[in-house]
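Here is a quick look at how the parts of this structure meet. Have the sequence and the 3D view ready as you read.

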Amino acid sequence: MFKSVLHKIKTGPRAVSVLFVLISLMAYHSWKPLLAYLLTFLAFAVIFHVLGQLVSRLLPILYLGCVIVLIHSLVNPSNVHYIYIFGIEGFNYGLITALRLFNIAALTQLFLLLNPLHEIISAMSWIHPDLGIILALVLSTLPVMHQQMEITLKVQTARGLRRGRFPWQRLYAYLVILIPIIVKALVRGQVIAQLLHVRGYGLHLAKRNLELGHSDKIAIFLSLGFLIVNLLLANASLLGGL
Amino acid sequence: MVSVRIDHLSCTYNGAKEPALKDISFTANTGEIIVISGNNGSGKSTLLACISDIIPSVISGRIEGQIHRQEDLVENSWGAAAIGVVLQDSDVFLMEKVYDELAFPLRSSQVEGPELEERILKTAHLLGLEDLLERKIISLSGGERQKAAIATALVGDPPLLLFDEPTEQLDPESAEFFGEILIKLAAGGKTIFVCLHNPRKALNWLARHIILKGGRMIYDGLLTEMKLSEGEQLSRNINLQQDILEATDTYDNQAYSEAPVLELQNLTYHYEKGTGIEDINLIINRKEIFALMGPNGAGKSTLIQHFIGLLKPQRGRVLVKGKDINGVPAWKLAREIGILFQNPDDQIFNARVDEEIAWNLTVRGIPKNDAVEKAHKLITDFSLEGIEAKHPHDLNRSLRQWVALASVIITNPEILILDEPTKMMDKVFLVKVMKWLLEYRQKGGTIVLVTHDSELSKYADRTGIIVKGCLTNIKSNEKIKSKFL
């Protein structure tokens with residue numbers, strides 16, 4: 001049922017709906033609704049058979065989230081009550097921040113997994129003709145930068161680079177790896193500009209008019225309603241808490 | 001019919017003192033293949049950039065003279081870009097997947113639906129890319145990426161094709177196949193320009209040959225005939241091996257010693273996507289030159305990374321001088337094994353050439369002054385005085401590759417592994433480097449050469465062929481070597 005409903009909605013209105021849901025996430029200041037949202041997104045991933053891919057993309061965020069919780073627990077200035085060295089207020093704050101980050105990542109990754117890239121690019125050109133290609137280039141470049149980091153690390157290690165124990169040794173090692181990556185990124189940018197030119201980008205560039213169907217309008221309306229309801233609920237709980 | 005006419009073309013990059021192209025004039029006809037050759041810095045890529053309008057539209061430069069293109073080359077009947085271009089750096093791409101990359105020029109021309117699908121499948125089939133369409137480009141080997149770049153240039157069926165070093169990363173079989181495609185395309189009425197630093201590869205293409213030197217055109221004729229021009233002596237036959245042998249005072253054909261320095265026992269390694277190497281057994285002896293060849297994506301680079309400990313075997317063992325290197329960190333192995341990777345830009349980070357070369361010593365604790373002094377000596381040995389203080393990125397590709405090689409050989413490793421060392425080097429450099437390598441070998445060094453260049457592999461004592469991750473054949477080159485003595 002979900003699949004057939006989703007199929008009727010174009011990529012552009014889906015993107016708008018996702019945007020409204022993302023804004024809704026910002027409204028909450030409690031971990032319980034954020035956790036509920038996260039579990040909902042994971043459930044969607046199961047329904048659409050992309051759970052494995054989603055989880056693998058979210059793993060780096062999981063590590064980051066754990067670091068955020070740990071740091072706030074230890075050093076958040078609002079820490080008053082402690083369990084051993086971990087402040088409860090800081091833990092709560094860190095957990096909310098991490099869950100919010102996790103939700104944003106999960107929702108955006110879910111959107112990318114369920115929508116072909118060329119349709120996203122096409123939908124983005126509704127806002128501005130160049131926006132779609134900018135998104136495509138960012139998405140294609142990020143894994144390249146990651147791969148380049150691995151390659152450069154291998155190459156410099158083969159030349160004798162050691163990542164020592166001390167912070168200044170590690171900082172030097174990062175410099176040795178980062179400089180070639182930055183240089184290659186700049187060169188890559190220039191080559192990308194040439195490629196865009198020779199492959200005809202811009203020949204027929206124009207702001208597209210998005211034609212909304214019946215299902216598209218309902219989706220946007222419902223997601224806007226969802227946003228308003230969440231804002232009201234979030235405010236109500238905040239006031240209730242006060 | 002004249003397709004492109006160049007009249008007294010000169011091009012000067014912004015901020016440059018000298019023009020990169022000087023007074024070039026020629027015409028290109030429909031159905032012609034024109035091979036443009038010359039050393040690094042001769043102006044080959046600049047000429048293609050001018051013809052494709054990259055200069056001045058994307059790269060700033062002052063153009064003098066005229067470039068006339070046939071009327072329908074501005075934009076063809078269905079609005080596509082009428083020039084298909086493969087840039088020198090085919091490792092850069094726009095989209096994540098091969099299919100989207102091929103679709104890009106078509107979608108830019110608002111081609112969608114069944115026609116888009118049909119064109120992509122037809123072009124993929126032409127280049128043997130059908131199985132790779134849904135793959136991420138980042139997961140492809142260098143040669144496969146180059147094929148994808150060529151396919152992207154061809155997919156729009158443009159009448160004018162410009163290729164800059166299109167066979168650089170292709171194995172010999174793929175390069176030959178590419179030549180056959182070019183001949184067919186030319187017979188179909190396309191005008192094709194190909195830049196090659198080694199025009200030998202185009203001998204069977206029935207091509208016209210333009211040679212550039214210092215930005216000037218010094219020859220324009222058939223590839224099999226060469227005229228003497230401006231007092232320059234051009235050899236009638238491009239024979240790399242003969243030149244190297246002449247440059248080498250003596251060629252020691254002593255058999256290598258039967259003392260294993262590198263050994264692989266049942267080595268197996270698989271990547272997540274399933275490719276890799278399977279059950280490799282190999283012994284490489286001291287003073288041996290061992291060449292490793294194979295098609296793109298066969299596993300050559302995967303294999304050699306095990307020697308230096310950058311990859312750990314999933315099964316099997318790797319032994320260096322009789323000792324299992326399991327658990328030995330790569331930086332430690334680097335003291336005995338020097339490895340030159342394909343792309344020097346992956347490693348260059350110092351602001352001076354001498355410091356970049358010396359870094360392999362300074363990182364091991366050698367005082368900087370001593371290391372730089374050794375770098376200066378190496379620069380002098382190769383007759384490259386004057387480049388010490390330059391920024392490595394200001395050098396041409398050939399010199400940058402040499403800087404990377406110099407940073408490896410400065411440590412005097414007992415074993416040298418060279419991954420495509422000739423890929424970016426022009427002939428002048430290649431002769432110097434090969435001479436040094438042969439002398440190094442005579443002093444007791446061992447060399448493992450990963451190459452597509454069959455001419456280079458003839459210097460090896462043995463050649464190993466790896467196909468789809470398996471070492472299928474190891475042959476001795478004794479009989480071939482004896483021809484040159």
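Chain A splits into domain 1 (2–122 + 212–241) and domain 2 (129–198), with bounds from an automatic or database domain assignment. Their centres, taken over C-alpha atoms, lie 30 Å apart. Contact here (heavy atoms within 4.5 Å) takes four residues from domain 1 of chain A and five from domain 2 of chain A.

This is a predicted model, where local features need pLDDT of at least 70, side-chain atom pairs count only at pLDDT 80 or more, and totals for chains, interfaces and linings use all residues. Residues are numbered from 1 along each chain as written, chains are lettered from A, and side-chain values use heavy atoms, leaving out hydrogens and water.

The table gives buried area, the accessible area (1.4 Å probe) that two parts lose on being put together, summed over both.

| Pair | Buried area | On carbon and sulfur |
|---|---|---|
| Domain 1 and domain 2 of chain A | about 350 Å² | 91% |
| Chain B and chain A | about 4300 Å² | 64% |

Leu112(A), Leu117(A) and Ile121(A) supply 86% of what domain 1 of chain A buries against domain 2 of chain A. Between these domains there are zero salt bridges (a side-chain nitrogen of Lys or Arg within 4 Å of a carboxyl oxygen of Asp or Glu).

Now for the two chains: 53 residues of chain B touch 43 residues of chain A. Leu94(B), Trp331(B) and Asp346(B) supply 16% of the area chain B buries there. Three salt bridges link chain B and chain A. Lys184(A) pairs with Asp346(B) in a salt bridge, with the closest N and O atoms 2.9 Å apart.
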